[in-house]
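Subject: Structure handover

Hello,

Here is the structure I said I would pass on. My notes on it follow below.

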Amino acid sequence: MKQIDIYITSENVSETTQILHKHGVGGITLSEVKGRGRIPHEPVPDTVHAYTYAKKYVPEYVYRTHMSTIVPDSKLKSVIDDLLKLTPTRGKVFVRDVLEAYDLASKSTGESAI
């Protein structure tokens, strides 16, 4: 089993969710995060007290959506291939090994727990 951590813009959440559902991925955790990477950020309008000014600034951190899910090894390649087709393609995908999984309600373990 693998854990997939996906960091994308909010515009890609719906399309990413559809990709995961298409591959039969059940549980998805979403959170809004702020961060920065190596790609320079685009300037945004300066807003103070709900008034937008003509000047722009480059934020140090930008908002992204973090999606996390667990997939069986057999589905990993096809999920990653579809995620790489997302547009616009700003974001990151990280894959980690999951050694064990347990479902507390059904008492199942391994891939049957996901």
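In this predicted model, the axes of helix H1 (residues 13–22) and helix H2 (residues 73–83) come within 10 Å and cross at roughly 155 degrees. Axes here are lines fitted to C-alpha atoms, for helices over the stretch in contact, and angles run from 0 to 180 degrees between N-to-C directions. Helices (H or I, at least four residues) and strands (E, at least two) are DSSP runs, numbered from the N terminus. H1 and H2 are therefore roughly antiparallel to each other, a label given to angles over 145 degrees. Their crossing is right-handed, meaning that the near helix is turned clockwise from the far one by less than a right angle.

On the H1 side, Thr16, Ile19, Leu20 and Lys22 meet Val79, Asp82 and Leu83 of H2; contact means heavy atoms within 4.5 Å. By class, this contact has four nonpolar, one polar and two charged residues. Ala, Val, Leu, Ile, Met, Phe, Trp, Tyr, Cys and Pro count as nonpolar, Asp, Glu, Lys and Arg as charged, and the others, Gly among them, as polar.

Now the sheet. Four strands form an open sheet with antiparallel pairing, in the order S2-S5-S1-S6; two strands pair if DSSP finds at least two bridges between them. Strand S2 (28–35) and strand S6 (91–97) are the edge strands, each pairing on one side only. From one strand to the next, the twist averages 20 degrees. S1 and strand S5 (residues 62–71) run antiparallel and are joined by seven bridges.

H1 lies across S1, S2 and S5, at about 5 degrees to S5. H2 also packs on the sheet, where it touches S1, S5 and S6, and its direction makes about 15 degrees with that of S1.

The side chain of glutamine 3 makes another with that of serine 68 (3.1 Å). Aspartate 5 stands opposite serine 68 in S5.

Residues are numbered from 1 along each chain as its sequence is written, and side-chain values use heavy atoms, leaving out hydrogens and water. Local features need pLDDT of at least 70 and side-chain atom pairs count only at pLDDT 80 or more, while totals for chains, interfaces and linings use all residues.

Regards

Methods:
Angles under 35 degrees count as roughly parallel, over 145 as roughly antiparallel, 65 to 115 as roughly perpendicular and the rest as oblique. A polar contact is a pair of N or O atoms within 3.5 Å; within protein, one must be able to donate a hydrogen and the other to accept it, and residues adjacent in sequence count only if both atoms are side-chain atoms.
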